[in-house]
2 protein chains.
Amino acid sequence: MGISRQQQARQAEVARNDEALLRAARRVFARDGVHASVNAIAEAAGVGVGTLYRRYNGKAALYERLLVLANQQWSVAVRTAADHPDPWQGLQGLVVESVEYGQGTLAPLGKLTSLPPQTAALADAADRDFEALVDRAHESGGLRRDVTATDILLLIEQLGLSPLVEQIQELDDAELTAEARAARRRLIAIALGGLAAAPRADLPDPAPALRLLTARWQT
Amino acid sequence: MGISRQQQARQAEVARNDEALLRAARRVFARDGVHASVNAIAEAAGVGVGTLYRRYNGKAALYERLLVLANQQWSVAVRTAADHPDPWQGLQGLVVESVEYGQGTLAPLGKLTSLPPQTAALADAADRDFEALVDRAHESGGLRRDVTATDILLLIEQLGLSPLVEQIQELDDAELTAEARAARRRLIAIALGGLAAAPRADLPDPAPALRLLTARWQT
DNA sequence: CCAGTGCGGAGCGACTTGCTCCGCACGATG
DNA sequence: CATCGTGCGGAGCAAGTCGCTCCGCACTGG
C-alpha cells in the first residue's frame, strides 16, 4: 500500500494550509477568547471553513491542538534556556521568547477541552525544570531574590496578552505592526529590568511613537 | 414644577442601580471586549435589561459613558500625581492607580462611538500634564532616562488588561480574587522597578500561590 | 482526456444578540 | 386600607451569528 504520487504532490499544500490555519487560530483565539468563531479563523488563514473541518473535528479539537503545541514550545524553550551557561541570561531569553510566541493566554478556553495525559506530564516536567532554572538564576545573583517562579509565569502571561499588538495587527499595516512589536519589546525589557538584581541593559528599539496609542481607534 | 417626594425617595435606588450598572459594564467590557452583551452586563449588575435601557440608549451609549468617566478619572489622577512633591513618587502612584482602575483597554470598542469634543479637550490637557510630570520625574533622577511618556502609557494599558484578575473574578471566590489582585500588585511593582533609575523598593504582598495559574481552568 | 484529491463557501438549524414592552412590586399619599 | 405614580424585571421578538455539513469545482499526474 504505497502513497500515490498525487498524494505526495498535494502534501505540500496541505502542510502550508495547516500551518496557516494554526497561526491564524492562535491569533484569533488570542484576540477574541472563547468567542472566537471558526469562520473568523478560516478567513484569517485564507482558507475555507471546509478545509478547517477536514483537519479538525471542530473548534474544541483545533483549540486542543493549539494547547498541545504551546506546551511543546514551552518545554523546548525551557530546556534551551536551562542549557544557557548563564542562568539569568537564559531566563531572560525564555521570557522574551514565550511572550513573543503569541499564544496569549489560552486558559479561558480550558473549559472547551482537557489536556491529554502525556501532554500534562510534559508540562509538569517543564515546570520543574523552570523552577530549577529560577533557583539557579537566584544563586547566580542575576535575578532579584524576592521574585518567585510563579511571579515570572504570571508576568509572561501578563505580557503575552497585548492589546497594543493584537489591535494593531488588525489594521494590516506592516510598518505599524513592526513598531508595535518593537514597543512591546521595550515593555518586556522594562519588566526584565525590574526582575534584575542590579545593573540593567539599555532598552532595545527606538522609543515608541505616540500614534501607536491613537491609530487603533481612529476612523 | 417641583419634584414630588416620591421621586426623591426613589432617587437613592436609581443611583445605586446606576453605579452597579457602570461597575458591571466596566468589568464585562474589559473581559469580553466588543462582544460584551447587554444581557451579560445587566445580569452582572443584578438588574434587568429594562433598567439598563431606561438609562442608556443602548450598548454604544453605555460604552460612551464609560469612556467619559475613564477620561475624568485619568485627568484627576494625573493632576493629583502632579501635585506630589516628589514627581517620581507621584508617577508611581499614578501608574498603580490607573492599572487598578479596572477599565482594561477600551480602545477596541472605539468604533462604537466617538468622544464628545469637550472630553477630547480634557484628555489633551491631561496628556500634556502627564508628559510634564514624566519630564520632571526624569530631572529628579527617579525615572530612568531612556523611558518615554509613551512607554509608560503603553505599560499602563498592558498591565491594565489582566487575564489573571479577570478570569479569577469569574470564579466568585473573594479570597482567591484578593490573592490575584495582590499578585498583580507585585507585577506592577516589578515593572515600576524596571522604570526606576536606581534603587528599588521591595515587592509588596506575599509571593503569589501557584494555584492562581491553575485554578482558572480546573473543573 | 480521465480519475482522484483537496478545496471554497453557500446554506442549514440552533442559538445569541440588541432591544421593546408590559404587568407588577413598592412606598408615599390621603 | 385603597389609590396612584414610579421604576423595576424579564419574557419575547426580529435580526443576526454560530458551528458545522455538503457539494460542485479546480487542479494535478497519467
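Here is a chat about a predicted model with chains A and B.

Biologist: Hi! Before we start, what kind of model is this?

Modeller: Hello! This is a predicted model, so please read everything below as computed from that prediction.

Biologist: Got it. How many helices and strands are there in chain A?

Modeller: Chain A has 10 helices and 0 strands. Along the sequence, the pattern reads α-α-α-α-α-α-α-α-α-α.

Biologist: And what box do the C-alpha atoms of chain A fill?

Modeller: Along the principal axes, that box is roughly 60 × 50 × 35 Å. Chain A has 219 residues, and 37% of them count as buried.

Biologist: What about contacts between residues at least 6 apart in sequence in chain A?

Modeller: Among those contacts, 66% join residues at least 24 apart.

Biologist: Let's switch to the pair. What rotation superposes chain B on chain A?

Modeller: A rotation of 180° does it, with 0.0 Å of shift along the axis and an RMSD of 0.1 Å. That is how a two-fold axis relates two copies.

Biologist: Nice. Which residue of chain B comes closest to the rotation axis?

Modeller: G194(B) does, with its C-alpha at 1.8 Å from the axis.

Biologist: Do the copies meet through the same surface or different ones, and why?

Modeller: They meet through the same surface, because 100% of the interface residues of chain B are also interface residues in chain A.

Biologist: Now the inside. Which residues have the most contacts in the largest nonpolar core?

Modeller: Those are L91(A), I190(A), A191(A), L91(B), I190(B) and A191(B), in a core of 72 residues. There is also a second, separate core of 30 residues, which includes I41(A), L52(A), L161(A) and A30(B).

Biologist: Can we zoom in on A191(A)? What is A191(A) in contact with, leaving aside neighbours within four places in sequence?

Modeller: A191(A) is in contact with L155(A) and L159(A) in chain A, and with I190(B), A191(B) and G194(B) in chain B.

Biologist: Back to helices. How do α4 and α5 of chain B cross?

Modeller: The axes of α4 (residues 59-83) and α5 (residues 87-100) come within 8 Å and cross at roughly 155°. An angle over 145 degrees counts as roughly antiparallel, and therefore α4(B) and α5(B) are roughly antiparallel to each other.

Biologist: Is that crossing left-handed or right-handed?

Modeller: α4(B) passes α5(B) in a right-handed crossing. The α4(B) side of the contact is made by W74(B), A77(B), V78(B), A81(B) and A82(B). From α5(B), the contact includes G90(B), L91(B), G93(B) and L94(B).

Biologist: Where does D205(A) lie?

Modeller: D205(A) lies in the loop between α9 (174-195) and α10 (211-214) of chain A. D205(A) is partly exposed, with 14 other C-beta atoms within 10 Å.

Biologist: And what is the phi of D205(B)?

Modeller: D205(B) also has a positive phi of about 65°. D205(B) lies in the loop between α9 and α10 of chain B.

Definitions and conventions: Residues are numbered from 1 along each chain as its sequence is written. Chains are lettered from A and ligands numbered from 1 in the order in which they are written. This is a predicted model: local features need pLDDT of at least 70, side-chain atom pairs count only at pLDDT 80 or more; totals for chains, interfaces and linings use all residues. Copies are superposed by least squares on the C-alpha atoms of residues with pLDDT of at least 70 in both. Two residues are in contact if their C-beta atoms, placed from the backbone, lie within 7 Å. A nonpolar core is a set of buried Ala, Val, Leu, Ile, Met, Phe, Trp, Tyr and Cys residues joined through C-beta atoms within 7 Å. A residue is buried if 20 or more other C-beta atoms lie within 10 Å of its own, exposed if 12 or fewer, and partly exposed in between; C-beta atoms are placed from the backbone. Axes are lines fitted to C-alpha atoms, for helices over the stretch in contact, and angles run from 0 to 180 degrees between N-to-C directions. Helices (H or I, at least four residues) and strands (E, at least two) are DSSP runs, numbered from the N terminus. Angles under 35 degrees count as roughly parallel, over 145 as roughly antiparallel, 65 to 115 as roughly perpendicular and the rest as oblique. A crossing is left-handed if the near helix is turned anticlockwise from the far one by less than a right angle, and right-handed if clockwise.
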